[in-house]
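Hi,

Here is the structure I promised to pass on.

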Amino acid sequence: MQGMAQFEQILWAVNVAVGIVLLALLIAREKCRAFPAFTGYLLVNLVQAVSFYFASRRWGYPSRNMWLFGWSSQAVVTFARALAVAELCRHMLARYQGVWALAWRVLCGSAMLIILYSGFAGWRRWELAFPALDRSLELSIAAVIVILLLFVRYYEVVADPVDRSLAVGFCLYSCFGAVNNTILDRYLYSYQELWIVLGMLSFLASLLLWTWALGKPQTVPRREETLLAPGIYESLAPQINLRLRTLNERLSQFWNSAAPRR
Amino acid sequence: MNFTMVIFIGLVGMLLVLLVWALRGPVKPWEPEAVPNGLREAGRRHVSFLPPIQQALGETDDDFLSRRAPSVLVRRVRRERRRIALTYLSALREDFDSLLRMATIIARLSPQVAAMQEFERIRLTLEFAWRYETIRMMLWAGLAPIPQLRGLSELLSALSIRMEAAVKEMEERAALAAKLASSLDGHDVDAAL
């Protein structure tokens, strides 16, 4: 137990140090103007880490006050992360007006559905309300990132490597957070120590990934796209779909009529 | 491990699989300069070989051979016919993919897209992929009638003709945009269009 507490403290210090390095890198590379919400998220994280340290000294650990402080500050951090993810989505797709208009609706709809579903599915006791809510948010953030990357792949959008690394970092961290909260939900107090350490380790992994991505030499700035006139899509899309539908019907007939001939 | 745990861990597992799939690079990276030529070629590479393929797959030759040739030769010819059919089917798939890719590029570069059209295209693509794979497996196993491939080819051919007209229109607009861009010194090109 003592060893775990020491490891937790070391990990806490490493996380704060890497967070500061990443913030410095964002400022030095002038990326904080491109990613204000991400910068804000890192700042909020640092503030939470430092305030957590002082709160634990004041209230002791574990205690009810620390539990409430921990989860309420986590709510702020998760909200900041959601904003950073929204910013990332916009950064990757907003150049393409049509696709972006469709994507943000799909992303918001999916996030809401997942929050509602996992909120209802995971809700068992009031004392687990915070972990259940946090897990819902983690899952929805992970799903949003995955759907975003599916959009990027489907529409063959050329994504900046930094954007991709930020997305992967957010997604892996959220996936791990969801699993971690699910295990906490099952084993509660016996898992609490390990839950904190694993959470910090996964965050450290994401911080290192982001630092590596932002530390790499900068690539050529992305070019702006010249969009087509609106009429082209409106005239073509229905016709393409009609042809594809007919093609599918023919394939279906082919399937139905297929029989051993020889 | 209870049911909730299984559901949530399963969901995360599914998200991770999708993440890995989404991160795999596109088959061929998109190069803006190569688009006009790429679009012009899209959907018509293999369909243009339709007449000789139809002749190769025609039933007349098969009937003639069945009556006149030794059974070893007939079997060999049927094996070859199946191989040709499989190759042709796969080539048609390439044509289908290139048309689909062009539709995707048009959607990406359009200031407005219709959600219904986009979702329908995704659904149709999934349906096509499923049916194509099924037919391919049937052909491979010798269960599918070969000449019916003709229907597939005709559809693709018709689609490629329409797309060619669309590409021409796009190229004209792109040329107009470039002209306007140079004359306006890059200001408010979209509005000018």
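**What I found**

Chain B has 8 helices and 0 strands, where helices (H or I, at least four residues) and strands (E, at least two) are DSSP runs numbered from the N terminus. Read from the N terminus on, the order of elements in chain B is α-α-α-α-α-α-α-α.

A word on conventions: this is a predicted model, so local features need pLDDT of at least 70, side-chain atom pairs count only at pLDDT 80 or more, and totals for chains, interfaces and linings use all residues. Residues are numbered from 1 along each chain as its sequence is written, while chains are lettered from A and ligands numbered from 1 in the order in which they are written.

**Confidence**

The model scores ipTM 0.82 and pTM 0.76. pLDDT is the predictor's confidence in each residue, from 0 to 100. For chain B the average pLDDT is 70, and 53% of the residues score at least 70. Among the elements of chain B, helix α1 (residues 3-23) of chain B has the highest mean pLDDT (88) and helix α8 (residues 189-192) of chain B the lowest (37). Over residues 29-44 of chain B the pLDDT is below 50, and this stretch has 20 contacts in the model beyond near neighbours in sequence; two residues are in contact if their C-beta atoms, placed from the backbone, lie within 7 Å. Residues 184-193 of chain B also have pLDDT under 50, with 12 contacts beyond four places in sequence. Where pLDDT is low, the predicted coordinates should not be read in detail.

**Chain B overall**

Of the 193 residues in chain B, 24% are buried. Buried means 20 or more other C-beta atoms within 10 Å of a residue's own, exposed means 12 or fewer, and partly exposed is in between, with C-beta atoms placed from the backbone. Among contacts in chain B with a separation of 6 or more, 81% join residues 24 or more positions apart.

**Helices in chain A**

Helix α3 (residues 64-93) of chain A and helix α6 (residues 161-187) of chain A have axes that come within 10 Å and cross at roughly 150°. Axes here are lines fitted to C-alpha atoms, for helices over the stretch in contact, and angles run from 0 to 180 degrees between N-to-C directions. Who meets whom? From α3(A) come A:Val85, A:Leu88, A:His91 and A:Met92, and from α6(A) come A:Asp163, A:Leu166, A:Ala167 and A:Phe170. By class, that contact has 6 nonpolar (Ala, Val, Leu, Ile, Met, Phe, Trp, Tyr, Cys and Pro), 1 polar (the others, Gly among them) and 1 charged (Asp, Glu, Lys and Arg) residues.

The buried residues of α3(A) include A:Val85, A:Leu88 and A:Met92. With 30 residues, α3(A) reaches 43 Å from its first C-alpha to its last, close to the 44 Å expected at 1.5 Å a residue, that is, 1.5 Å times one less than its number of residues.

Helix α5 (residues 129-154) of chain A is mostly covered, with 21 of its 26 residues buried.

**Two positive phi values**

Most residues other than glycine have a negative phi. A:Glu30 is not a glycine, yet has a positive phi of about 55°; its place is the loop between α1 (2-28) and α2 (36-59) of chain A. A:Glu30 is exposed, with 9 other C-beta atoms within 10 Å. A:Glu156, in the loop between α5 and α6 of chain A, has a positive phi of about 50°. A:Glu156 counts as partly exposed because it has 15 C-beta neighbours inside 10 Å.
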